[in-house]
Number of protein chains: 2
Amino acid sequence: MGRSAKAASRLVARASLAQRNEALVAIGDALADQRAVILEANAADVASGQEAGLDAALLDRLALTPQRLDALADGLAQVAALPDPIGEIRDSKTMPSGIDVGTMRVPLGVIAIIYESRPNVTVDAASLCLKSGNAVILRGGSEAIHSNTALGEVLAMGLSRAGLPAAAAQVVPMVDREAVGTLLTLAESIDLVVPRGGKGLIERVSVESRIPVLKHLDGICHVYIDNDADPAKALPIVINAKTHRFGTCNTMETLLVAEGQAHLLPDMVAALQVKGVEVRGCPLSRAAAPAITVDAQDADWSTEYLAPILSVRVVADVEEAMAHIAQYGSDHTESIVTENPDTAARFLREVDSSSVMHNASTRFADGFEYGLGAEIGISTDKLHARGPVGLEGLTSRKYIVRGDGHIRQ
Amino acid sequence: MGRSAKAASRLVARASLAQRNEALVAIGDALADQRAVILEANAADVASGQEAGLDAALLDRLALTPQRLDALADGLAQVAALPDPIGEIRDSKTMPSGIDVGTMRVPLGVIAIIYESRPNVTVDAASLCLKSGNAVILRGGSEAIHSNTALGEVLAMGLSRAGLPAAAAQVVPMVDREAVGTLLTLAESIDLVVPRGGKGLIERVSVESRIPVLKHLDGICHVYIDNDADPAKALPIVINAKTHRFGTCNTMETLLVAEGQAHLLPDMVAALQVKGVEVRGCPLSRAAAPAITVDAQDADWSTEYLAPILSVRVVADVEEAMAHIAQYGSDHTESIVTENPDTAARFLREVDSSSVMHNASTRFADGFEYGLGAEIGISTDKLHARGPVGLEGLTSRKYIVRGDGHIRQ
């Protein structure tokens, strides 16, 4: 599979934008043609999942419905409509020697996506890889094997109709865990691994992989309410960052409040409790807001709850807030609420996270909100891509030098 | 060392541009103040090297002279004069939600430089790391230990005078090979490893490292003379790409000539032989140019000679040239000579090397020639930096989001 993916990747890389987009449209058509087959395969997976006692959340993510298939088709059309992420020569400038030097974005080659039992990822991730001129190897959770196999057929049909090799998007047919281990050793064939799922999956992939991994492990995001914060901005940002969705990686897990703003805590805590949030506080925050009835333990500061729980700590100032973030944060997303431009500039400069915000909810850390048009994942590493990763994160660049017979003196 | 470097990296990252530049200037001053000490330490290394029977080329690279120290001081002043590679918010744009999204370049953290017995690298590499807000751990060849220790003192003096911690630039004091192995496991402390030296060193570092490595293994660069080439451009480019310097990674090692241009070979070969180049040819090139008296073996196509030797092959057209490059090349630098814009565009697009050129000598593949202002190395990998790597390759970026109380709907 690795070798055929590598060979196919060269053909996808050479394909014109029109041909790559044609493949995406043809995959959308095949998705419609094969709807009955896909739903039947998915029903078999769901039935096995029910027998195996999967919980309701997992079964929900496993299930495909006509509406979800429509959403996949819409996603394909949207990705087809995005501008070409490769091939254009940018930043061209003439050097003193007379040569023109520019850069061109190029595909990475072969991307492996390792994910859990969400069959929609099969189509979503494949569309981003193909659009950016890459081949893709898809390894989904074993509970979704029938769905993914049916979707793999759909990908192959679409590619063939556009004159591209089916090996450009392959679903791993084996369900055993060892298949992942083998995949992660194929450094000659695979250029980048993108794990999508829970922390356990991502940790396993990171530790075992001999191939670069695009990942974030935790999203322990902080909002810091500065001494110079505008309370009218602070409250909505806190509520949104915590309660807009509880299970996402850009949800606030710890609220830091400057001493001078501790008087805001009772209203904030009341509003959070109305939304069903359990608040765990440090002694100073409990003193300021008696409605906080749970002591925050040391472990709370480094926990990604992914649940309606929030830890709250009162700090002296931005300095102490940044020290807390440096010690306990996960380099994902942090936001400062302040009207003081110098304090904001310092926070934006010195906090070493993949997204740093001023007077905005951490929930904005997202490829679509950043205008990337798509998102393959979020990276908290510093090499290659960082933060929400769109199509450009699936590309590299090369230098393009144009002369007219120029030689080096 | 790793832990103190990590702690120091946070202070360097926060330091203003003025403070980082002050450190570079102060290192230059210390280099002048300590000249006698450095030359004495270097004399001891050179004497040991002579006793140990090092060859003349190695001894030359090991030796520091007043002129070479002047060149190091000039280099420091030049790096100080470069614009700040970090801290500026770029590409800021307002999204439909109302938030402003931009990016800011940030230091990587701690860079380890592993190099052979060229003590000037100690100062050159440290200056680039410090300018870009990183801390650096320097591990040079054991033959240069006294020189590097003296230069390490100079780095410490300069940092101290600028109010920065000496731990921001540390020379590894151990000379045993195991020290490198240990260094390469410190993934918690070190963010990037840059090996500089021969292929053996780079291969060892690549295989052993648990930390990302910025590297290129080979520079098997090609020039392809297309059927539509202008002979008046082809000859100077061939001569320059092969003979400007023999030992550099961007030197041409294989010349590919389209059938229709094989009649140019006798003149080219004569000009190369005048410059002392041994030419090894395929049967067709030997038939076209009887002055080629050596048969190219299969191993020639994948050999980086780093010497006055060139392999020559006659190919049918650009298609066969690109197939040869894909099979035998090292993804470093390739150039096409042609007057046909479509053929040039195809070559620039489809050849998957870190630099691809049209009507220019491969010798231009260089950070200074590309206007990067400096070069820490050349990367032929696709992740993170690619091609000649300047200060930007020692940085990452983070997203900067600015709102005015914005929450996600």
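This note sets out, point by point, how the two chains of the model are arranged and joined.

1. Basis of the model. The model is predicted: local features need pLDDT of at least 70, side-chain atom pairs count only at pLDDT 80 or more, and totals for chains, interfaces and linings use all residues. Residues are numbered from 1 along each chain as its sequence is written, and chains are lettered from A, with ligands numbered from 1, in the order in which they are written.

2. Relation of the two copies. The same surface serves both copies, since 100% of the contact residues of chain B recur in chain A.

3. Interface. In chain B, 55 residues are in contact with 55 residues of chain A; contact requires C-beta atoms, placed from the backbone, to lie within 7 Å. On the side of chain B that touches chain A, at least two residues each are supplied by β2 (100-107), α10 (231-243), α14 (341-350), β13 (355-360) and β16 (395-406) of chain B. Helices (H or I, at least four residues) and strands (E, at least two) are DSSP runs, numbered from the N terminus. The largest share, 11 residues, comes from β16(B). By class, this side of chain B divides into 21 nonpolar, 18 polar and 16 charged residues. Here Ala, Val, Leu, Ile, Met, Phe, Trp, Tyr, Cys and Pro count as nonpolar, Asp, Glu, Lys and Arg as charged, and the others, Gly among them, as polar.

4. An open sheet of 10 strands with mixed pairing has the order β10(A)-β9(A)-β11(A)-β8(A)-β7(A)-β12(A)-β13(A)-β16(B)-β2(B)-β1(B); strands pair if DSSP finds at least two bridges between them. β10 (294-295) of chain A and β1 (89-94) of chain B stand at the edges, each with a single partner strand, so one side of each is left without a neighbour in the sheet. Within chain A, β8(A) and β11(A) run parallel and are joined by five bridges, and A:Thr254 stands opposite A:Ser311 in β11(A). Helix α10 (residues 231-243) of chain A packs on the sheet, touching β7, β8, β11, β12 and β13 of chain A together with β16 of chain B. The direction of α10 makes about 160° with that of β12(A); axes are lines fitted to C-alpha atoms, for helices over the stretch in contact, and angles run from 0 to 180 degrees between N-to-C directions.

5. Strand β13 (residues 355-360) of chain A pairs with β16(B) in the parallel sense over five bridges. A:Met357 has B:Val401 as its bridge partner, and A:Ala360 stands opposite B:His406. On the chain B side, β2(B) and β16(B) run antiparallel, joined by eight bridges, with B:Tyr399 as the partner of B:Thr103.

6. Between the chains, β16(A) and β13(B) run parallel and are joined by five bridges; A:His406 stands opposite B:Ala360. Within chain A, eight bridges join the antiparallel strands β2 (residues 100-107) and β16 (residues 395-406).

7. Asn359. In chain A, phi of A:Asn359 is near 55°, a positive value in a residue other than glycine, and A:Asn359 lies in strand β13 of chain A. A:Asn359 is buried, with 22 other C-beta atoms within 10 Å. Phi of B:Asn359 is likewise near 55°, and B:Asn359 is buried, with 23 such atoms within 10 Å. A residue is buried if 20 or more other C-beta atoms lie within 10 Å of its own, exposed if 12 or fewer, and partly exposed in between, with C-beta atoms placed from the backbone.

8. Helix α13 of chain A. In α13 (residues 318-328), A:Val318, A:Ala321, A:Met322 and A:Ile325 are buried. Seen down the helix axis, the buried residues fall within an arc of 95°, so they line one face of α13(A); the arc is that of the directions from the helix axis to the C-beta atoms. On the other side, A:Glu319, A:Ala323 and A:Gln327 are exposed. The buried residues pack against β7 (221-225), β8 (252-258), β11 (309-315), β12 (333-337) and α14 (341-350) of chain A.

Technical notes. Contact = placed C-beta atoms within 7 Å.
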